[in-house]
Amino acid sequence: MSEAGGAARRGQEFEDGLEKGDASVAAFESHEKTILDRLQHFLHGNPTMVPVIVLLLSIAVFGFVAGGNFFSAFNLSLVMQQVSIIGILAAAQSLVILTAGIDLSVGASMVLVSVIMGNLAVKMGLPAPLAIGVGFLCGMLAGTLNGFLVTRVKLPPFIVTLGTWNIFFALNLWLSGAQSIRSQDIDATAPLLKWFGESIRIGGAQFTYGSILMVLIFAVLWYVLNRTAWGRHVYAVGDDKEAAELSGIRTNRTLVQVYAVAGLVCAIGAWASIGRVGSVSPQSFQEANLQSITAVVIGGISLFGGRGSIVGPLVGALIVGVFNSGLRLAGVDVLWQVFAIGWLTIIAVALDQWIRKVSA
Amino acid sequence: MSTEPVLTARGLVKHYGRVVALNQADFDLYPGEILAVIGDNGAGKSTLIKAISGAIHPDEGEIRLDGKPVHFRSPLEAREAGIETVYQTLALSPALSIADNMFLGREMRKPGFMGRWFRSLDREAMERIAREKLSDLGLMTIQNIGQAVETLSGGQRQGVAVARAAAFGSKVIIMDEPTAALGVKESRRVLDLIQDVRSRGMPIVLISHNMPHVFEVADRIHVHRLGRRLCVIDPKDYTMSDAVAFMTGAKEPPAEALAA
């Protein structure tokens with residue numbers, strides 16, 4: 001062994017010039033920052049603040065425009081009821097989008113599972129808990145199929161889920177014969193299927209079990225994503241799959257698990273949707289997949305993966321609900337509600353792009 | 001050398017189709033040294049390093065760690081055996097924090113009920129250890145351990161990657177072109193860092209094209225040519241132009257270096 005260690009600190013000849021130069025190495029640049037820079041940095045560290053500010057602003061504005069009706073506890077709890085199913089699907093969608101994927105099949109797999117639950121419990125007379133359990137299993141299987149095609153067959157998530165969206169929809173029409181299962185029939189044989197439609201009153205507010213379930217699902221996912229190793233792996237895989245692999249994460253396994261969990265969350269949403277709609281309707285929630293993506297994007301989760309908080313899509317879903325409710329109460333035509341949500345989505349993505357450009 | 005090598009390879013062969021990337025390559029790394037691996041493009045040094053770090057599986061030959069034969073099927077297995085690699089791409093997750101990155105793939109769970117049943121991460125412990133490891137290497141100009149890696153400069157990122165390897169590598173650290181993407185000042189910082197790690201007794205394999213850097217820090221230089229080890233030279237006995245001449249085949253290496 002040589003004694004190179006100590007003597008080597010002299011450095012190279014060409015480095016002599018450095019002594020006269022600025023000696024600060026690897027220190028933080030503390031140059032003057034504009035207010036805009038600070039805002040960019042703050043939002044980079046707290047990506048959920050944008051949707052939260054938008055939600056509070058829109059509640060304030062619509063409260064002012066639409067008057068007292070909007071602000072009533074009943075109306076605000078009604079907004080939660082209205083967004084509960086899209087919110088649950090947005091939770092599933094967030095998981096997939098965090099891995100830089102997309103799941104176009106969430107709505108179709110939810111409706112398919114609700115048809116399976118209804119068929120088993122109502123038409124075939126199986127005990128309701130068993131029908132629900134089988135439904136959950138089918139949801140997980142549907143998700144695992146997506147995950148398998150994405151990781152093993154190595155197809156882009158967009159194509160895979162575009163395909164399974166159609167496949168699930170066709171299966172749903174086949175199993176249901178395009179016929180709804182009526183509310184009275186569910187009440188007679190398996191009222192448990194409609195359990196999430198029941199509600200509790202707190203003051204003037206009326207919370208359905210479905211809207212409470214939505215908040216619970218987000219709370220559980222928040223814990224899993226932020227407080228467990230698996231959650232960190234989901235972010236790492238979405239951020240840079242290769243780096244995650246080299247860091248020792250089994251990225252394909254994580255991805256399959258993400259799609260399977262998303263499928264399970266959709267299946268839970270299916271149970272809640274029977275309570276929300278009051279019947280099993282194979283033609284319902286046709287645009288739910290796109291609405292869930294809208295909620296996720298407005299909620300500040302980056303479509304490029306690895307960035308954003310799971311709280312965002314909950315807020316995003318509520319923003320959509322508040323816009324729809326506020327504009328309706330203000331007497332605005334439905335088409336302008338759609339118009340507003342469209343702009344909101346575009347602005348949300350533009351903001352995400354800007355925040356990602358943050359520099360030290 | 002009287003001591004036993006930490007890591008040896010004998011007769012490694014690797015074919016890619018008709019291309020022979022490794023042709024009976026040998027390799028020796030001794031305790032506490034910095035061994036530089038140099039070679040022309042296509043000489044097979046990346047393949048050699050990949051074989052040692054578990055990224056590829058050689059067709060023939062034997063790798064021994066502490067005298068025991070090892071067969072790595074993935075980088076993860078090599079890592080578990082105590083061989084850490086700092087990749088040229090660094091393999092950091094930009095949006096995650098410094099602490100998250102250092103513990104990526106080997107997170108610590110809380111003791112007791114929360115960790116066992118709810119798999120709760122022990123963030124406090126991970127942040128404390130990450131801070132300790134970084135300040136051990138004099139990297140505490142990075143104040144906020146919860147800061148996203150993408151907000152760090154190139155040299156700081158390299159520092160985090162080296163600190164991660166130094167914190168968890170128990171036997172060997174492999175560094176692939178650690179100064180290639182850095183400026184003069186940041187390169188200096190990383191070279192100092194490499195020597196700090198060596199001074200704790202950790203042997204380092206340094207792959208680099210930068211001759212001044214190699215000659216500054218290396219204790220021995222492994223010259224790779226045409227898929228095999230051509231010679232091992234002591235940087236004190238030879239000049240950079242000698243090394244380049246051996247590497248490119250312009251000059252025959254001396255007999256005693258061949259025996260090393």
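# A tour of chains A and B

Start with chain A and select residues 49–71. The end C-alpha atoms of this span lie 22 Å apart. The span is 96% helix and 0% strand. Keep in mind that you are looking at a predicted model.

**Stop 1: the listed spans of chain A**

Residues 49–71 come from a record. An unreviewed UniProt entry lists them as "transmembrane region" in chain A, along with 104–122, 129–149, 155–175, 207–225, 256–274, 295–322 and 334–355. Colour these spans if you like. Now select residues 295–322 of chain A. Here the end C-alpha atoms lie 12 Å apart. This span is 57% helix and 0% strand.

**Stop 2: chain A as a whole**

Along the principal axes, the C-alpha atoms of chain A fill a box of roughly 90 × 55 × 35 Å. The chain has 360 residues, and buried residues make up 47% of them. Next, consider contacts in chain A between residues at least 6 apart in sequence. Of these, 77% join residues at least 24 apart.

**Stop 3: Phe285(A)**

Select Phe285(A). It sits in the loop between α14 (251–277) and α15 (288–298) of chain A. Leaving out residues up to four places away in sequence, the partners are Ile85(A), Gly107(A), Met110(A), Val111(A) and Ser273(A).

Phe285(A) and Leu246(A) are 39 residues apart in sequence. In space they are 41 Å apart, C-alpha to C-alpha.

**Stop 4: Leu76(A)**

Go to helix α6 of chain A, residues 73–98, and pick out Leu76(A). Leu76(A) has 18 other C-beta atoms within 10 Å, so this residue is partly exposed. Draw another line, from Leu76(A) to Trp230(A). The two are 154 residues apart along the chain, and their C-alpha atoms are separated by 35 Å.

**Stop 5: Gly11(B)**

Switch to chain B. Select strand β1, residues 7–16, and find Gly11(B) in it. Gly11(B) counts as partly exposed, with 14 C-beta neighbours inside 10 Å. Which residues does Gly11(B) touch, not counting those up to four places away in sequence? They are Gln24(B), Glu60(B), Gly61(B) and Glu62(B). Gly11(B) and Gly146(B) are 135 residues apart along the chain, with 46 Å between their C-alpha atoms.

**Stop 6: Leu90(B) and Ala91(B)**

Check the backbone angles. Leu90(B) has a positive phi of about 75°, although it is not a glycine. Ala91(B) is likewise a residue other than glycine, and its phi is near 55°, a positive value. Both neighbourhoods can be counted. Leu90(B) is buried, with 23 other C-beta atoms within 10 Å. Ala91(B) counts as buried with 22 C-beta neighbours inside 10 Å.

**Stop 7: helix α6 of chain B**

Select residues 154–168 of chain B. This is helix α6, with 15 residues. At 1.5 Å a residue the helix should span 21 Å, and its end C-alpha atoms are 22 Å apart, which agrees.

How many of the 15 residues of α6(B) are buried? The number is 12, so the helix is mostly covered. Among the buried residues are Arg157(B), Val160(B), Ala161(B), Ala163(B), Arg164(B) and Ala165(B). What covers the buried residues of α6(B)? Show β6 (83–86), α3 (98–102), α5 (123–136), β7 (172–176) and α7 (184–199) of chain B, which are included in the cover.

**Stop 8: α6(B) against α7(B)**

Keep α6(B) and α7(B) on screen. Their axes come within 9 Å and cross at roughly 10°. That angle makes α6(B) roughly parallel to α7(B). Show the contact as side chains. From α6(B), select Gly154(B), Gly155(B), Gln158(B), Gly159(B), Val162(B) and Ala166(B). From α7(B), select Glu186(B), Arg189(B), Val190(B), Leu193(B) and Val197(B). Colour by class to finish: the contact has 5 nonpolar, 4 polar and 2 charged residues.

How values were computed
Residues are numbered from 1 along each chain as its sequence is written. Chains are lettered from A and ligands numbered from 1 in the order in which they are written. This is a predicted model: local features need pLDDT of at least 70, side-chain atom pairs count only at pLDDT 80 or more; totals for chains, interfaces and linings use all residues. UniProt positions are given in the numbering used here, feature names are shortened, and annotations may be inferred rather than shown by experiment. Helices (H or I, at least four residues) and strands (E, at least two) are DSSP runs, numbered from the N terminus. The expected span of a helix is 1.5 Å times one less than its number of residues. A residue is buried if 20 or more other C-beta atoms lie within 10 Å of its own, exposed if 12 or fewer, and partly exposed in between; C-beta atoms are placed from the backbone. Two residues are in contact if their C-beta atoms, placed from the backbone, lie within 7 Å. Axes are lines fitted to C-alpha atoms, for helices over the stretch in contact, and angles run from 0 to 180 degrees between N-to-C directions. Angles under 35 degrees count as roughly parallel, over 145 as roughly antiparallel, 65 to 115 as roughly perpendicular and the rest as oblique. Ala, Val, Leu, Ile, Met, Phe, Trp, Tyr, Cys and Pro count as nonpolar, Asp, Glu, Lys and Arg as charged, and the others, Gly among them, as polar.
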